[in-house]
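Grab a pencil and work through these exercises one at a time. Try each task yourself before you read the solution.

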Amino acid sequence: MKATRISGGSAEPPAFRGDAGAGRLPLLGVIPARLRRAARLASAGHADLLLQRACAALRLPPFPTRFPSVLVIEPTNRCNLRCPLCPTGSGRLPREARDMTLAEFRSIVEQARGRSLLVQLFFCGEPFLNDDLFAMIRCAAQLGIAVETSTNGMLLSSERVREEIVASGLRHLILSLDGADQETLQAYRAGARFETIAAGVRALVETRDRVAARAGGGGSARVPTIELQMIVMKQNEHQRSAMLALARDWGVDWFTEKTLSLMGSPLDDPQANATARGLLPKEPDASRFRVAADGRLAAKERPGHCRLIHQTAVILSNGTVVPCCYDGEGNHPLGNVFESRLEDIWNGEGLRAFRSLVHAHRDRVPMCTGCPEGRRPLVLRRTRL
Ligand code: SF4
Ligand code: SF4
């Protein structure tokens with residue numbers, strides 16, 4: 001799963017929306033929701049994020065937070081699919097295949113206790129391939145940090161995986177599915193089996209709802225919400241309604257349509273440009289790109305501020321910190337969190353210089369040229385079911 005998420009401020013992670021934390025301590029249930037929210041806002045992470053959002057609303061330039069509000073942590077860079085625009089799926093990832101260990105993960109999140117709000121536990125790989133994933137989720141949850149992860153759905157066929165998704169304290173699960181039948185799905189998600197995924201999701205929702213019902217009225221707060229996500233492309237744009245119907249039928253909580261991303265490839269990369277052009281939907285409003293006079297893909301608009309590099313730290317499975325989730329290849333290493341404190345890297349000279357470069361000359365950073373950050377939102381529509 002390639003992480004592309006809360007860029008542009010438009011795709012607020014559902015983990016921030018609900019009152020899920022109240023389910024963990026029964027006594028919290030008697031405190032009015034407004035007071036609970038106010039108490040949470042007192043944390044440094046929330047205060048930083050609120051200020052960032054105020055700046056975005058007023059179109060003011062972003063500022064770096066004292067510590068990242070959100071951590072993207074890559075549990076593995078291995079995957080069982082071969083999506084053509086993904087660095088892992090296309091085989092162009094220049095990094096050694098590696099799983100992060102539980103001890104390494106713990107060393108990161110212990111630094112983030114009381115400071116970061118959310119761990120997005122996925123990046124360039126299928127998270128459920130890491131056998132320690134659920135221990136990682138438990139570890140972060142015990143430290144009071146919400147966790148969401150994302151999957152291509154193939155490993156939901158495992159009963160153990162489904163049970164652990166529900167029991168581990170995971171806040172939110174994203175299921176990336178780009179077609180309502182086998183033929184459409186495999187046009188992009190090479191190697192995926194629609195029936196395997198469909199059966200897995202149905203069984204997961206059944207398990208989730210059974211556990212929530214058993215826990216009683218407030219029990220639903222203890223189990224993860226599930227979001228079905230599709231990237232709107234040429235081969236599946238006719239299935240947007242069918243995908244929404246599928247999400248309803250399966251009983252998931254959210255259905256999200258996203259626009260195609262170059263996933264970190266520069267716009268002038270001939271191979272990525274041609275691949276993306278071949279996937280571009282016919283519906284003009286469903287894409288952030290246009291076809292230029294020379295037949296190549298071009299961005300529709302000039303970019304605004306990049307806010308992502310001021311809020312989110314991205315940590316690869318080998319501990320390398322990179323500027324954002326469009327640097328899956330690790331072309332801009334800023335330090336290693338297994339060797340230095342995350343706070344030092346976050347406030348260090350390397351990241352400060354990179355932020356200045358992107359702010360002043362974004363067009364000179366190849367991966368920024370095709371990036372949606374500061375342009376129209378990556379998310380086309382998010383529907384609460
Ligand atoms: S499912 Fe596709 S996009 Fe996600 S990591 Fe695997 S190859 Fe990449
Ligand atoms: S690719 Fe560039 S513009 Fe996009 S999020 Fe990363 S640093 Fe910001």
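**Exercise 1. Find out how strand E3 and strand E4 are joined.**

Step 1: strand E3 (residues 146-151) and E4 run parallel, and 4 bridges join them. Helices (H or I, at least four residues) and strands (E, at least two) are DSSP runs, numbered from the N terminus. Two strands pair if DSSP finds at least two bridges between them.

Step 2: pick out one bridge. Ser150 has Ile174 in E4 as its bridge partner.

Before going on, a note on what you're looking at. This is a predicted model, where local features need pLDDT of at least 70 and side-chain atom pairs count only at pLDDT 80 or more, while totals for chains, interfaces and linings use all residues. Residues are numbered from 1 along each chain as its sequence is written, and chains are lettered from A and ligands numbered from 1 in the order in which they are written.

**Exercise 2. Why is E4 largely enclosed by the rest of the structure?**

Step 1: check the cut-offs. A residue is buried if 20 or more other C-beta atoms (placed from the backbone) lie within 10 Å of its own, exposed if 12 or fewer, and partly exposed in between.

Step 2: count. In E4, 5 of the 5 residues are buried, so the strand is largely enclosed.

Step 3: look at each face. His172, Ile174 and Ser176 are buried on one side, and Leu173 and Leu175 are buried on the other.

**Exercise 3. Is Val205 buried, exposed or partly exposed?**

Step 1: locate Val205 in helix H7 (residues 194-215).

Step 2: Val205 has 17 other C-beta atoms within 10 Å, so it is partly exposed.

Step 3: list its contacts (C-beta atoms, placed from the backbone, within 7 Å). Leaving out residues up to four places away in sequence, Val205 touches Ile226, Trp250, Gly251 and Val252.

**Exercise 4. Which residues are closest to ligand 1, and which to ligand 2?**

Step 1: a residue is near a molecule if its C-beta atom, placed from the backbone, lies within 6 Å of it. For ligand 1, 13 residues qualify, the closest being Cys79, Cys83, Cys86, Gly89 and Asn152.

Step 2: ligand 2 also has 13 residues around it, with Cys306, Cys324, Tyr326, Cys368 and Cys371 the closest.

**Exercise 5. Where does pLDDT stay under 50?**

Step 1: pLDDT is the predictor's confidence in each residue, from 0 to 100. The chain averages 87.

Step 2: the stretch to find is residues 3-32. Where pLDDT is low, the predicted coordinates should not be read in detail.

Note on methods. Two residues are in contact if their C-beta atoms, placed from the backbone, lie within 7 Å.
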